Amino acid sequence: MTKYIVEGGRPLFGEIHISGAKNAAVAIIPAALMVNGPCRIENMPRISDVSLLLGILQDLGARVRYVNPHTVEIDSSSLRNGRVPYESARRCRASYYMLGALLGRFGAADVALPGGCDFGSTRPIDQHLKGFRALGAQVDTQSGFVMAEAAGGRLKGANIFLDKSSVGATINIMLSAAMAEGMTVIENAAKEPHIVDVANFLNSMGANIMGAGTDVIKVRGVSILRGGSYSIIPDQIEAGTYMAAVAACGGEVKLCNIIPKHMDCISAKLCEMGVEIHEVDDSLLVSRIGPLVRANIKTMPYPGFPTDMQPQIAAALCLAQGTSIITDSVWNTRFRYTDEFKRMGAQIQVDGNLAIIEGVERLTGAQLEACDLRAGAAMLIAALAAHGISQITNVQYIERGYEDVIGKIRGVGGRIRAVEITEEEELAVGSAG
Ligand code: EPZ
């Protein structure tokens, strides 16, 4: 186990190269299970969620080979069927995509219910299961496993109206429908950039998916997917996280390898807060010289402000002039991190899915414990902006989704290092949870 030591209070200057999108990668890897032939996936982020999912694929019998540090070749030709055990599934929420992928390809799947980031609330998958059932699968949940089997061995296309525009359900149903018989129509589908990316990946392997990125997705099932090459889109949330860091710390950073359009929902808010953003081809120049000003934020499904940026923007708002109100309308208990901010001197009140932040002049360094991926990223931002030294434990959460976070922060002048924590410290962290 490691912890990060951060010496804050200095502006950030330089360039950061944004990695491939985590939430696209964690769906595209399971999608590669459906492909009968080698697929080459470029711009793969080097993060622990990716390693975990590639490990599950190997356990199922797929051949996985890194061609270079960000290009992986997956060949699932020799896979026959699959059971994903609890030990593998519990460590990564996206393992639930194995359900749609295995069910689509083999007409049967047996996957342990996932773990992943816990926002203090349960994370239901009823819409995923509703979709599988509509496609003709018999679905049972027993002893922590979801067992799904298509009547007659192959799913049949259907019309599915999602009660909630769930990212996971949209992707899972799209995966299972890609090899079903006939046409599937998903209505009230989620529209996040990584949904389009998964559809593009499947289409490049021979699927026939139309409308991804709108709220109606049409999938005409095909009987086989063949190998090919694909490059994952840049990570909208990783880029947004570094933008929030510049907002909080000040300075000027160029973010390279991004799709500026995907950043609009985040850029608009940061501009309102006094951050300057200039688009140059596939990069954004982000700077903050003057004071930060308050803003109200309400998280919404894409193209609204993403819930996955809520904690990071809150870190910046702690240092903004005036009172900001954040409403998380996607996850109703995603404010656990605010207790850590308060120990740094932040003024925050939480009431249900609302946080009211009274901006303060400065935060001071403290001992912090990451409680989920984006909360961990937000603590990193607060620590970089704070005066004095902070220590962040439970950084394995951060490493689930941010490639080379230490190298990237150091590259723009942030003072951060990772150190091994002692056995006593490890026990203290464990018992605190
Ligand atoms: C995805 O989670 C992301 N994870 C999350 O990112 C992200 O916070 C979330 O979408 C929202 O954008 C991955 O892509 C792996 P949802 P997912 O299904 O698919 C309710 C990160 O930090 N719901 O869109 O699990 C649910 O309770 C992670 O990178 C149902 O009621 O989210 C929530 O309120 C954390 N029934 C809302 O819908 C269902 O069957 C949105 O959930 C499914 C969801």
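**A guided tour of selected sites**

Begin by selecting Glu-73, which belongs to strand E5, residues 71–75. The model shown is a predicted one. Is Glu-73 buried or exposed? With a relative accessibility of 16%, Glu-73 counts as buried, because the cut-off for that class is under 20%. Display its surroundings next: apart from neighbours within four places in sequence, Glu-73 is in contact with Pro-38, Cys-39, Arg-40, Arg-63, Val-64, Arg-65 and Val-67.

Remain in this part of the sequence and select Asn-43, in the loop between strand E3 (38–42) and helix H2 (48–59). Asn-43 has a relative accessible area of 19% and is buried. Its phi is near 60°, a positive value in a residue other than glycine. Most residues other than glycine have a negative phi. A second case is Asn-394, found in the loop between strand E23 (388–393) and helix H13 (396–399). Here phi is near 65°, again positive, and Asn-394 is buried at 11% relative accessible area.

**Rings and charges**

Now select Arg-46 together with Tyr-66: the charged end of Arg-46 sits over the ring of Tyr-66, 4.9 Å from its centre. Then select Arg-83 and Phe-145, where the charged end of the arginine sits over the phenylalanine ring at 4.1 Å from the ring centre.

How many aromatic pairs are there? The count comes to four. One of them joins Tyr-96 and Tyr-97, whose ring centres are 4.8 Å apart; the planes meet at 75°, so this pair is edge-to-face. Tyr-96 and Tyr-97 are both buried. Another pair consists of Phe-335 and Tyr-337, which is tilted, with 6.2 Å from centre to centre and 50° between the planes. Phe-335 and Tyr-337 are buried as well.

**The ligand**

Select the ligand and the 24 residues around it; those that come nearest are Gln-127, Ser-166, Val-167, Asp-308 and Val-330. For Ser-166 the corresponding distance to a ligand oxygen is 2.6 Å, and for Arg-374 it is 2.8 Å. Taken alone, the ligand exposes 830 Å², of which the protein buries 91%.

Proceed to helix H9, residues 264–272, and colour its buried residues: Cys-265, Ile-266, Ser-267, Lys-269 and Leu-270. What covers them? The cover includes helix H8 (236–249), strand E16 (276–280), strand E17 (283–288), strand E18 (297–299) and helix H10 (310–317). After H9 comes Gly-274, with a positive phi near 100°.

Continue to Pro-303, in the loop between E18 and H10. The peptide bond from Tyr-302 to Pro-303 is cis, with omega near 10°. Most peptide bonds are trans.

**Last stop**

Finally, select Asp-351 in strand E20, residues 347–351. Asp-351 is exposed, with a relative accessible area of 58%. To end the tour, draw a distance from Asp-351 to Gln-138: their C-alpha atoms are separated by 41 Å, and the two residues are 213 residues apart along the chain.

Technical notes:
Residues numbered from 1 in each chain as written. Predicted model: local features only at pLDDT ≥ 70, side-chain atom pairs only at ≥ 80, totals over all residues. Heavy atoms only, no water. Helix = DSSP H or I, 4+ residues; strand = E, 2+ residues; numbered from the N terminus. Buried < 20%, exposed > 50% of the residue type's maximum accessible area, 1.4 Å probe, protein only. Contact = heavy atoms within 4.5 Å. Phe/Tyr/Trp six-rings, centres within 6.5 Å; stacked < 30°, edge-to-face > 60°. Lys NZ or Arg CZ within 6 Å of the ring centre and 35° of its normal. Near = heavy atom within 4 Å. Polar contact = N/O pair within 3.5 Å; in protein donor to acceptor, adjacent residues only side chain to side chain. Areas by Shrake-Rupley, 256 points an atom, 1.4 Å probe, with all protein chains shown as cover.
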